[in-house]
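Let's learn to read a structure by asking about one feature at a time.

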Amino acid sequence: MCCCKKLSEGAAEKFAELDAFIDTLNVDLNDERRRGRLIQVLHKAQEIFGYLPREIQQYVAQKLNLTEAQVSGVVSFYNYFTTEPKGKYCVDVCMGTACYVKGSEKVLSELERVLGVKADTHPTEDGLFSISALRCVGACGLAPVMMVNGKVYGKVTPAKAVEIVNEYKKQG
Amino acid sequence: MKTVNLTINGKAVTVPASYTVLEAARQLNINIPTLCYCAHLGSGVSNKPASCRICVVEIEKRRNLAPACATPVAEGMVVHTNSLRALRARRTVLELMLSDHPQDCLTCPKNQHCELQKLAVEFGIRDIEYKGEINNFPVDESSNAIMRDLSKCVMCRRCETVCTKVQTVGTLTGYGRGFKAKVGTASMIPLADTSCTFCGQCVNVCPVGAITGISYVKKVWAAINDPSKTVIVQTAPAVRVAVGQEFGFAPGAPVTGKLVAGLRALGFDKVFDTNFSADLTIMEEGTEIIERIKSGKDLPILTSCCPGWINFIEHNFPDLLNIPSSCKSPQQMFGAIAKSYYAEKIGVKPEDLIVVSVMPCQAKKYEAARPEFAPNGVRDVDYVVTTRELCRMFNEAGINLANMDDEEYDSPLGASAGAADIFGVTGGVLEAACRSVYALLNGKELEGDAINFRAVRGLDGIKEAKVEIAPGKTINVAVCSGLGNARKVLEMVRADKNRFQAIEIMACPGGCINGGGQPFLHGDAELLEKRMKGLYSEDERKVIRCSHNNPDIQALYKEFLGEPGGEKAHHLLHTKYHSK
């Protein structure tokens, strides 16, 4: 679920939003268990900023009284977290077993071909799209599944996927 | 204490209920091979993520094999450490590990000191069945002190545990996941850009060649063989009780005379002693302690001999940078005096005088390269080699210390008081300072046993004591070793500036005897204690026990420096600290 905003745009408000979220958690900065809150905070931070560059990781570390290395270790472990900015529209293609069997790999290659970027790299040059390959999103009944900014599209074919993307392209 | 009864390989044993299967087996002298498991000396912290699976054993009525290092004992447990199933599993695990490990043992810096290699020998590995992809990560040589070659990392996490839990430096973390996982820095930035203190405890615990010291040995060989250079060497206190280990001497036995002979045989023009400048440090720091206690300003005074610790305070406690002693470390004092006083004395230009240090430490390499220690672009200390690296130089030159006769240090930078020897162990610097502070403050010497400040001795991580600096006048002191303990003590100082008047801090648990450049201890606490005893025996062996009574130090002040704490001394022997 990315919201595709640039770090610099309205940074002060974004940091304020993150601060407000962290405040609601009432984290005890001397409690060993505060690390348990880290993933939650990183989720929120990525929702707000779109990605988790070093600057944000350092900020979160300082807010939770953790080391930058501890935060970085968690960010690097989970595929969900990204340290690179995403396109305005994040196209996620499910590569879980059910979707894969139903041909999601073909959907992914077609999207990569049409948009001209590889999955899990950088966004398209116009900044509109980035593609990610996800593991199971829990909608196996609709396989193969793709998502655009969290909106789920089921039973997609390569051709249908291109249609969906073109719709977003029109909106700009 | 609650105990439980269990059977291991048919032998019954009763152990505390808190024990692991590994600990219980060791009580029976049953050896279970381990790799990731590591008890970090002097800290009570163990690394046992049970991630390597080398220590798996079979436990009856349990479906899976169990990692002995992390499995608690239970009443009636029946353990088989060498069942066919356990042996096969261990071998498979080891072969899988080796299948993603560079096969360059012959040229690896850890050759013959590598625990993975040792396991391969013990298991009799002749062929690695599994062929597949091998990680090839870039080598990090960004710092002047520590090198990280992550292709060799076996993900035991020992370095991460010692860095984060023992030292509370927190530079290292497990990074990434799956096949590409390794222990890295935040965002995999170069080590030089992190808050690493270069204490080198990670180097000491790394079982393989993934973390080693940056070596200047080649440059030292080149300098020794350059006829246009005069090459002198200084040896840190802790080196003399550790170097013998590699040549079959009793653990912890001081081999000072043989060390001197060996260095001379390597071709150094003069063999001097960091002990000399340790005495000099006491003159300067002692004077500073007296001044600060008299004025009541910038207390408590913190010792500043240890560059790992100085890095730590610069990174973590910028608000307290006014309280460490402004004295340079003995290594740097030696360099500064060598390139001024001594160079002048022998009529050699500072740039043609090469100062080599033999140190128990990796952080000393960083310290020697600090820009403030290179006046006019000429470094005070040119190259640092660790005790381990010196052993390799001896081996390369075919020098066996066991066959050397004792020799004496050269003059004038070689003589030292007993006080200097104990700089290498936690408590020693403060004791050395107290001896001289007492004499300088009261105009009379400590007599008899009063010279031994036993309250500050021992390997405990944090020691608090009252010491007498004048008849009827005591000060509160603290001594700590290990950066995690330093953090605790500095938090105490932040909370109450009046609690202590003087504090000694060393980065490595136990002090320099357990430094990041010492021959490996492999978690042997007894060996650490023997090194400590070795240093105190050197102290007691000497007629002169107090730094201010070292005649060569007195001559240095008379001929060259003037007064302790005077202008010239300040210029050459003191420094400033920077927030990082």
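Q: How many residues has the largest nonpolar core, and which have the most contacts inside it?

A: A nonpolar core is a set of buried Ala, Val, Leu, Ile, Met, Phe, Trp, Tyr and Cys residues joined through C-beta atoms within 7 Å. Here the largest has 178 residues. Val57(B), Trp309(B) and Val477(B) have the most contacts inside it. Apart from it lies another core, of 19 residues, including Cys90(A) and Met146(A). This is a predicted model: local features need pLDDT of at least 70, side-chain atom pairs count only at pLDDT 80 or more, and totals for chains, interfaces and linings use all residues. Residues are numbered from 1 along each chain as its sequence is written, while chains are lettered from A and ligands numbered from 1 in the order in which they are written.

Q: Which residues is Val477(B) in contact with, leaving aside neighbours within four places in sequence?

A: Contact means that two C-beta atoms, placed from the backbone, lie within 7 Å. For Val477(B), the partners include Leu430(B), Phe500(B) and Ile503(B).

Q: Is Ile164(A) buried or partly exposed?

A: Count the other C-beta atoms, placed from the backbone, within 10 Å: 20 or more is buried, 12 or fewer exposed, in between partly exposed. Ile164(A) is partly exposed because it has 18 C-beta neighbours inside 10 Å. Not counting residues up to four places away in sequence, Ile164(A) touches Val148(A) and Tyr153(A).

Q: How many residues of chain A are in contact with chain B?

A: Nine residues of chain A meet eleven of chain B.
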